[in-house]
Amino acid sequence: MIKLDNVTKKFPGMKIPAVKDLNLEVKEGDVCVLVGPSGCGKTTTMKMINRIHEPTEGKIYIKGEDALKMNPINLRLDIGYVIQEIGLFPHMTIEENVATVPNEKKWPKDKTDKKVDEMMTLVGLDPKIYRKRYPSALSGGQRQRVGVARAMVSDPPIMLMDEPFGAVDPITRARLQNEFLRIQERIEKTIVFVTHDIDEAIKMGDTIAVMREGKLIQHATPGDLLSAPADDFVADLVGRNRSIKRLHLIRIREILDDVNRIKPAPEDMPLDDVKKRIEDSDIRSVIVVDRDNKLKGIIGVNDLKRKTGEVAGDYCQKISDSVTDDATLNDALSVMLEMGEGYVAVVNEDDQYAGTITLGDLLNVVKEDN
Amino acid sequence: MLQNLYKLVLVPLFLVIVGVVIVIYTVNNPTDGLVARMLTYDNVIRALREHLMLMLVSMIGAITVGVLVGIMLSRPSLYYLGRGVENVVNVGQTIPSLAILALFFTWLGLGFRVAVFALFLYSILPILRNTFAGITSVDDSIIESAKGMGLNQFRILTRIELPLAFPIIIAGIRTAIVINVGAATLATFIGGGGFGDLIVTGLSVRRDMVIVTGAGLAALTAIILDYVIGQIEIRVVKWT
């Protein structure tokens, strides 16, 4: 889909080329993550694909066509583009921002409107609420979403993303990453993704291209990169605690079926039955759910000493946080650490209770890998 | 809605009425025969007409040229020239308006046209400077994302840069107008007419009423124009 053939970029006035003799191929539907320390040429490489920077030497092919011979405007209209600073247009409403490319392509108004609604819903912004707002009225996370929606609105086959989740707090970032992966599973775009964060690279990438000083050091799948780093630099980059990093590669739902946990207690379950369940449980507590199978709380052994009611719902303590089943094991771990508990409740896409993961489960996964 | 009506119509209307009341009062209650001869409706209206014409012609010219040159200088290829021009403009702005008029008088002679030309040159400066500053202050990331999405240079200018620079350009125009109204009162020295006629003749015959009328009307004109443009700006710029 995208092929860089011996590409070199030398900025005027610089002695050393920013990118040197780079060969890279990205397959259709893959997410290729360019990763490396700052100044390694990863952003420059990405920006040559839509010709924000023109390569000094070498060829770039997109779907087999020579990109350097195409009209740059047309080329860019078919490539989604998200940059770190997002670059929303502050004087336009969210709806106008998202409709930028359709307006450039002169789509009919109703088609644009429909697509804008669709994209905003896809990234989790209710069009009814946010359409007419200005970017200044949005939080950092919401702006990132608008940036992604704006890049995808015309359904470009290729997307370029330069640290698109860089400017938000870690929790929001993890959520945006998960949402993005869920969307990507459905739309299967070819994506070139730039980041300096190796954890993000391992999580997001189908393949990872490690760069240093303008050269491509290794291009491999995350698994291969972790198990067989090409040299000391890559090994250093992925770090020593590689088994922990593997937690990034595994999604919760992949192991959820294997962990056999006590069933949750419905909120109207009588107390004696609840006690029995707690005794059988390996975390000495049991999750309580309401009628819609949504998370209501948790009862531990100690909670039962307060005698204030008859059924499970009267005793349960609120749970401060949960994870979705498409989050990675690493996300689960950080939520556990944040809560200071040895477990975390898992919910599915519809917010229904799906299971519980404990620290022990994570240990088992890490052990199996080694 | 009611508030809009109040701000956009009633406030300027009130200021106009104040001006009319001043004129009616002074024309009907002259302190002596000399004042009565100077302050006739004919004279006041002629001064107003000349004053407005001086401003209008010079401002239209200044806005057109100032904005266009400002845009040109903000293009990447001329950017460094722009920085230099900005400095020249800042120095030019420190020359007193009277000196500018005097300079043009020695060069081009007397008359309305010479006055307009001098005012035009003097008013270009803040507009040009603000247009250049407004466009070049647009965040690079905004320009880059627009470029990356496939907008060409012209579209980036019209859809992104000019709208974002608009408040700053308007601020420049407001500054220019206030300067222009003041400087236009000096046009009388080179035969340009306007409220300056009233002020200067009032001064030479020592009649305070004539001076105050001329000066008051000039000030009111500046206040009204500045106010109206400010209101237009608030209505156009909704995004801050």
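**View 1. The order of elements in chain B.** From the N terminus on, chain B runs α-α-α-α-α-α-α-α-α-α. That makes ten helices and zero strands, where helices (H or I, at least four residues) and strands (E, at least two) are DSSP runs numbered from the N terminus. Keep in mind that this is a predicted model, in which local features need pLDDT of at least 70, side-chain atom pairs count only at pLDDT 80 or more, and totals for chains, interfaces and linings use all residues. Residues are numbered from 1 along each chain as its sequence is written, chains are lettered from A in the order in which they are written, and side-chain values use heavy atoms, leaving out hydrogens and water.

View 2. Along the principal axes, the C-alpha atoms of chain B fill a box of roughly 75 × 50 × 20 Å. Of its 240 residues, 47% count as buried (under 20% relative accessible area, 1.4 Å probe, protein chains only). Among contacts (heavy atoms within 4.5 Å) with a separation of 6 or more, 78% join residues 24 or more positions apart.

**View 3. Where chain A meets chain B.** Here 24 residues from chain A and 18 residues from chain B take part in the contact. Together the two chains bury about 2,000 Å², with 63% of it on carbon and sulfur atoms; this is the accessible area (1.4 Å probe) lost on being put together, summed over both.

View 4. Lys47(A) and Glu144(B) meet through their side chains at 3.1 Å, N to O.

Definitions and conventions. Buried means under 20% relative accessible area, exposed over 50%, partly exposed in between (1.4 Å probe, protein chains only). A salt bridge is a side-chain nitrogen of Lys or Arg within 4 Å of a carboxyl oxygen of Asp or Glu.
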